[in-house]
Amino acid sequence: IRNLAAIKEIKSRLLEWALVAIGLVLGIAFNNRSIIGLLPVLGNFQYTLAIFWLNGKKRLLKLSFLLSTLAFLIFNIELQNYVGVVSDSIVIITTAVVLIRGEKAAPQE
């Protein structure tokens, strides 16, 4: 729902805060891994805020996505979910490369 709202550029503070609240409440309610289980909740929380508030700021959105994926990577390592670890690692490396190349391609001031 969050991604569809962002794609459709639905601008509703009520929807934004409802999605943030639902994500936090459900993430905490279904967390059965104590503190490590909060990493995906926090990653999703910060990325949800970034999607709604950093519209058009591609670099900051990519950094936010990187942080979110890093939280999921740590969580997957703890769970010994090797498929998740591999896929998160690939996404992190790809995103980091794009961010680094973007810096080099940017004009110097």
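Which residues lie nearest the centre of the largest pocket? In this predicted model, they are Asn3, Ala6, Ile7, Ile51 and Asn55, out of 13 residues that line the pocket. The elements that contribute two or more residues to that lining are helix H1, residues 2-7, and helix H3, residues 38-53. Of the elements, H1 gives the most, with 4 residues. The space in the largest pocket comes to about 180 Å³. Sorted by class, its lining comprises 8 nonpolar, 2 polar and 3 charged residues.

I turn now from the pocket to the packing of the helices. Two packed helices are described by the angle between their axes and the distance between those axes. For H2 and H3, the angle is about 175° and the axes are 9 Å apart. Because an angle over 145 degrees counts as roughly antiparallel, H2 is roughly antiparallel to H3.

Which residues of H2 and H3 meet? On the H2 side they are Arg13, Glu16, Trp17, Leu19, Val20, Gly23, Leu24, Gly27 and Ile28. Their partners in H3 are Leu38, Val41, Phe45, Thr48, Leu49, Phe52 and Trp53. In this contact, 11 residues are nonpolar, 3 are polar and 2 are charged.

Technical notes: Residues are numbered from 1 along each chain as its sequence is written. This is a predicted model: local features need pLDDT of at least 70, side-chain atom pairs count only at pLDDT 80 or more; totals for chains, interfaces and linings use all residues. Side-chain values use heavy atoms; hydrogens and water are left out. On a 1 Å grid over the protein atoms alone, a cavity is a set of points where a 1.4 Å probe fits but cannot get out, and a pocket is an open set with protein on both sides within 12 Å along at least five of seven lines; lining residues have an atom within 4 Å of a point. Grid points are joined across faces, edges and corners, and a volume is the space filled by probe spheres set on the points. Ala, Val, Leu, Ile, Met, Phe, Trp, Tyr, Cys and Pro count as nonpolar, Asp, Glu, Lys and Arg as charged, and the others, Gly among them, as polar. Axes are lines fitted to C-alpha atoms, for helices over the stretch in contact, and angles run from 0 to 180 degrees between N-to-C directions. Angles under 35 degrees count as roughly parallel, over 145 as roughly antiparallel, 65 to 115 as roughly perpendicular and the rest as oblique. Contact means heavy atoms within 4.5 Å.
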